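Thanks for asking me to look this one over. My notes follow as numbered points, to be read with the structure open beside them.

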Amino acid sequence: MKLRYIIPALFLGFLGVACEDVVDLDLPEGEALLVVDGSITTKDTIHYLTVANTVSYDTEGALPGITALVVLRDDKGRIDTLAETEPGSGIYAITSPGVVGNTYTLEIETPDGKQYQSSPEFLAPVTEIDSIYLEEDEFEEDQYFVEFNTFDPPGFGNYYRWKHYIDGEFQNKPENLAFASDEFVDGNPVLGLRLSESVELGKLYKVEQLSISKAYFEYLSVLQTQTAFVGSIFDPPPAPIEGNVFNIRDENELVAGFFSASDVQTQSIVVREP
């Protein structure tokens with residue numbers, strides 16, 4: 001399996017002493033972009049979708065939310081108008097879980113009359129996690145690596161994402177982004193997957209295995225390049241990452257974020273000494 005797990009690199013720099021000049025830069029503000037980010041999964045929980053605008057680079061705090069008409073459809077005829085959790089928050093609740101085999105489409109109309117739509121997202125099934133276990137960290141006392149085994153069903157075109165939680169906290173830094181295709185493991189077991197550094201004794205570790213679409217896999221690949229694989233002069237310049245939401249009347253408008261649909265399988269383990 002072509003696993004995209006990020007391992008932080010160590011960089012050596014030059015140390016020196018120099019005079020310091022203060023330079024004031026008059027940077028352009030740039031045009032605000034619509035950001036649509038969220039997902040529907042088979043987990044029986046409330047899912048949240050964000051509709052907001054980008055802000056200038058020096059603005060602190062959350063993105064300004066947009067109160068809009070937000071509708072979620074599936075290909076079986078279900079239509080849900082999503083309610084904003086708080087007026088002006090731009091956060092919308094998806095109260096029903098997704099169904100394997102259904103295809104989901106998001107529709108948004110903003111207060112200025114612009115209409116947006118997501119590309120259809122098929123909710124594919126995902127295989128179960130066979131087992132989860134501990135491997136001792138030989139260099140850190142009372143710490144263990146968490147590993148798990150899974151398998152890929154026959155037939156190319158399966159895409160995966162993994163999320164992990166420690167004591168209920170989602171590990172969501174750029175280096176935690178892990179996803180893969182079945183390009184090299186089609187129809188075979190996948191053994192000894194490890195998503196994080198070693199974990200202290202007593203911690204509850206949970207891993208989620210999600211099915212994702214090819215489009216979301218490609219989106220995550222670009223996102224990874226611009227967030228985790230940075231730190232050298234050869235890095236690509238930062239740029240907005242185009243997602244799967246578009247203006248139905250203006251194909252040239254760039255919309256950030258992604259709306260995804262996933263099946264989820266879960267395994268947990270408490271880190272204990274053997």
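**Notes on the predicted model**

1. Let me begin with the chain as a whole. Of its 274 residues, 39% are buried. Please keep in mind that this is a predicted model. The secondary structure consists of one helix and 22 strands. The accessible surface of the chain is about 16,200 Å², and carbon and sulfur atoms account for 52% of that area.

2. If you take the contacts between residues at least 6 apart in sequence, 68% of them join residues at least 24 apart.

3. In soluble globular proteins, nonpolar side chains tend to be buried together. Here the largest nonpolar core has 21 residues, and Leu 49, Val 70 and Leu 106 are those with the most contacts inside it. At least two residues of this core come from each of these strands: E2 (34-41), E3 (47-53), E4 (69-74), E7, E8 and E21 (259-262). Apart from this core lies another, of 20 residues, and Val 126, Val 146, Ala 178 and Val 190 are among them.

4. Which residues does Leu 106 touch, not counting residues up to four places away in sequence? With those neighbours left out, Leu 106 touches Val 36, Leu 49, Val 70, Val 71, Leu 72, Leu 82, Tyr 116, Gln 117, Ser 118 and Phe 259.

5. Asn 102 is in the loop between strand E7 (91-94) and strand E8 (103-109).

6. On to the rings. The whole structure contains eight aromatic pairs. One of them is Tyr 160 with Trp 162, a stacked pair with 5.9 Å from centre to centre and 10 degrees between the planes. Both partners are covered: Tyr 160 counts as buried at 3% relative accessibility, and Trp 162 counts as buried at 2%. Together with Phe 148, Tyr 160 and Trp 162 form one aromatic cluster.

7. Helix H1 (residues 214-227) passes a simple length check. Its 14 residues, at 1.5 Å a residue, should span 20 Å, and the end C-alpha atoms are 20 Å apart, which agrees. The buried residues of H1 are Tyr 216, Phe 217, Tyr 219, Leu 220, Ser 221 and Gln 224.

8. Two of those helix residues also pair through their rings. Tyr 216 and Tyr 219 are three residues apart in helix H1, and therefore separated by about one helical turn. Their ring centres lie 6.1 Å apart with the planes at 20 degrees, so the pair is stacked. Tyr 216 has a relative accessible area of 11% and is buried; Tyr 219, with a relative accessible area of 11%, is buried too.

9. Please also check two charges placed over rings. The charged end of Arg 194 sits over the ring of Phe 145, at 3.9 Å from the ring centre. Lys 206 lies over the face of Tyr 165, 4.6 Å from the centre of that ring.

10. Finally, two aspartates with backbone angles to inspect. Asp 142, in the loop between strand E11 (131-136) and strand E12 (143-151), has a phi near 60 degrees, a positive value in a residue other than glycine. At 40% relative accessibility, Asp 142 counts as partly exposed. Asp 167, in the loop between strand E13 (159-166) and strand E14 (169-170), has a positive phi near 50 degrees. Asp 167 is partly exposed, with a relative accessible area of 46%.

11. Asp 167 has partners elsewhere in the chain. Not counting residues up to four places away in sequence, Asp 167 touches Gly 202, Lys 203 and Leu 204. The C-alpha atoms of Asp 167 and Val 270 are separated by 9.3 Å, although these residues are 103 residues apart along the chain.

How values were computed:
Residues are numbered from 1 along each chain as its sequence is written. This is a predicted model: local features need pLDDT of at least 70, side-chain atom pairs count only at pLDDT 80 or more; totals for chains, interfaces and linings use all residues. Side-chain values use heavy atoms; hydrogens and water are left out. Helices (H or I, at least four residues) and strands (E, at least two) are DSSP runs, numbered from the N terminus. The expected span of a helix is 1.5 Å times one less than its number of residues. Buried means under 20% relative accessible area, exposed over 50%, partly exposed in between (1.4 Å probe, protein chains only). Contact means heavy atoms within 4.5 Å. Accessible areas come from the Shrake-Rupley method with a 1.4 Å probe; for residues, only the protein chains shown count as cover. Rings of Phe, Tyr and Trp (its six-membered ring) pair if their centres lie within 6.5 Å; planes under 30 degrees apart count as stacked, over 60 as edge-to-face and the rest as tilted. A charge sits over a ring if NZ of Lys or CZ of Arg is within 6 Å of the ring centre and within 35 degrees of the ring normal. A nonpolar core is a set of buried Ala, Val, Leu, Ile, Met, Phe, Trp, Tyr and Cys residues joined through side-chain atoms within 4.5 Å.
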